[in-house]
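Q: Could you take me through a close look at the place where the two chains meet? I would like one connected account that I can follow with the model open beside me.

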Amino acid sequence: MEIQLKLYGSSKKLSDKDILNIELPNNSNIEKLRIALSKIISKKYLKNNLQNLSKTAAFFSEADEVVNDNYKLKNKELISIIPPIGGG
Amino acid sequence: MTLHTALVKTEEEKISSEEAKKFILSEKNGAESIFIGRVRNENSGKKVTAVTYDVHDKAVIKSFQSICNDAKSKFDKSASIFLEHAKGYVPVGEISILIAVSSGHRDEAFKICRYILEEIKHKSPIWKKEHYIEGNEEWLPGHSLRPKEEIK
């Protein structure tokens with residue numbers, strides 16, 4: 001399966017585009033997405049201060065609500081990655 | 001109408017304190033408190049030229065409305081609140097956030113203003129990228145929205 005990850009904040013370092021497509025095993029949940037993300041970062045983006053991103057980020061479903069690690073992902077689902085925030 | 005919340009695309013318009021003052025004006029409310037946050041030229045010893053604000057539009061507006069309504073319930077139901085935050089590239093000296101509150105009395109007006117600002121920092125999905133005089137840039141660290149019990 002594949003999900004579309006909408007990038008915000010520091011996660012934008014992962015791609016020049018707004019959305020990153022990530023391949024996952026079928027029936028994956030957010031926990032699996034964190035693992036996949038961690039692998040992508042350690043392969044390509046270690047020098048970009050993103051080492052903690054897979055642990056510290058929250059994820060929003062299409063309903064714009066935080067989903068927990070057990071949330072089951074659907075094929076082609078659009079998920080937003082929410083790195084630690086700091087407006088104002 | 002006693003509540004206005006918006007994200008302001010800085011390439012197209014600017015946050016206006018005059019507009020805010022007009023919005024909160026009310027004969028019922030004798031106290032007004034206005035907080036203006038501007039981009040400053042230094043952070044942690046680095047010379048800053050601008051900040052780019054990235055936002056999750058829908059979730060930010062939802063959080064702004066929820067925070068402002070909470071503030072009214074907590075401190076003064078008759079308060080009028082105007083809240084705008086910048087979205088996009090903001091040079092040093094320009095406004096990044098404006099919170100204007102009118103309330104029955106000064107204590108509530110100050111408290112609502114402070115409450116909204118602190119809650120935004122912990123609840124609204126907004127990110128800052130600082131641009132430095134040397135030409136480099138950096139996303140700033142922040143507060144994680146991941147449920148605490150999940151972070152090992």
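A: Happy to. Let's begin with the area: about 2300 Å² is buried between chain B and chain A, and carbon and sulfur atoms give 55% of it. Please keep in mind that this is a predicted model. On the residue level, chain A brings 26 residues to the contact and chain B brings 28 residues.

Now for the charged pairs. Between chain B and chain A there are 4 salt bridges. One to find on your screen joins A:Glu65 to B:Lys62, with 2.7 Å between the closest N and O atoms. Looking at polar contacts, the count between chain B and chain A is 12 residue pairs, both residues being at pLDDT 80 or more.

Which parts of chain B face chain A? At least two residues each come from strand S4 (46–55), helix H2 (57–75), strand S6 (95–103), helix H3 (106–123) and strand S7 (126–132) of chain B. H3(B) gives the largest share of this side, with 4 residues. By residue type, the side of chain B that touches chain A has 12 nonpolar, 8 polar and 8 charged residues.

Helix H2 (53–56) of chain A and strand S8 (137–139) of chain B each supply at least two lining residues, and S8(B) has the largest share, 3 residues. Sorted by type, the lining of the largest pocket holds 8 nonpolar, 7 polar and 3 charged residues.

Over all chains, the structure holds 16 salt bridges. Within chain A, the side chains of A:Glu2 and A:Lys76 form one of them, at 3.5 Å from N to O. A:Glu2 is in strand S1 (residues 2–6) of chain A, while A:Lys76 is in the loop between strand S4 (66–67) and strand S5 (78–82) of chain A, so this pair ties together parts 74 residues apart in sequence. A:Lys74 also takes part in a salt bridge, with A:Glu77 as partner and 3.9 Å between the closest N and O atoms.

Note on methods:
Residues numbered from 1 in each chain as written. Chains lettered and ligands numbered in written order. Predicted model: local features only at pLDDT ≥ 70, side-chain atom pairs only at ≥ 80, totals over all residues. Heavy atoms only, no water. Contact = heavy atoms within 4.5 Å. Buried area = accessible area lost by both parts, 1.4 Å probe. Polar contact = N/O pair within 3.5 Å; in protein donor to acceptor, adjacent residues only side chain to side chain. Nonpolar A, V, L, I, M, F, W, Y, C, P; charged D, E, K, R; others polar.
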